[in-house]
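Open the model in your viewer, with residue selection ready, and follow the stops below in order.

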Amino acid sequence: MAYRLKKTVVMIGMMGSGKTAIGTALARSLQVPFLDSDAEITRAANLSVAEIFERYGEPFFREKESQVIARLLASRPGILSTGGGAYLDPENRKMIAENGVAVWLRADLALLWNRVKHKDTRPLLRTPDPYGTLKALLDAREPSYAEAALTVDASPEYSIDDMTGKVIETLLTRPDVLETEAA
Ligand code: S3P
């Protein structure tokens, strides 16, 4: 199937919701560029996300994150995966709504915890009670994520391909975002 993507699709949602994995597969299916804000920030700084938080603090990371998102939204339509905190900033939400379309990968606490518990790469979860921290972040963030134009529910039963197919189905409900093209 050939597709025509008209706006950049911005993957938003919690850490562990699959933004990078699904975003990468989606870009491949739609044959458009894949961009990742965390990857752009770490490449420019030549430091990991955890190192940036340690050395310069979260506000510095957030500032870079907004700059990178603005820059990536200005390039040709593609798939942009953001870090889990990016969509909390009202300015970022506005910029995304004006220049692209947000897709929230909605996943429940159990699924998120299963995906993040073995990894030590996320500075915000380096607390004495990472499960409690993840829960608190999810509770606090859901109202912001719910502002996304589109939502796709994740499930432990879905493979990356299943989930990518669901995102494509959802995008096709919006002809201003994605259309199929006659071969
Ligand atoms: C963060 C999520 C991370 C990364 C940083 C902060 C967050 O990205 O941007 O650790 O605030 O939820 P992922 O959502 O890709 O893990």
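Begin by selecting strand β4 (residues 79-81) together with β2, which pair in the parallel sense over three bridges; strands here are DSSP E runs of at least two residues, and helices H or I runs of at least four, numbered from the N terminus, and two strands pair if DSSP finds at least two bridges between them. Within this pairing, M11 stands opposite S81 in β4. This is a predicted model, in which local features need pLDDT of at least 70 and side-chain atom pairs count only at pLDDT 80 or more, while totals for chains, interfaces and linings use all residues. Residues are numbered from 1 along each chain as its sequence is written, and side-chain values use heavy atoms, with hydrogens and water left out.

Now colour β2 (residues 8-12) by burial: five of its five residues are buried, so the strand is largely enclosed by the rest of the structure. Buried means under 20% relative accessible area, exposed over 50%, and partly exposed in between (1.4 Å probe, protein chains only). T8, V10 and I12 cover one side and V9 and M11 the other, and all are buried.

Finally, select helix α8 (residues 160-171), where M163, T164, V167, I168, T170 and L171 are buried. Seen down the axis of α8, these buried residues fall within an arc of 160° (taken from the directions from the helix axis to the C-beta atoms), so they line one face of the helix. On the other side of α8, D161 and E169 are exposed.
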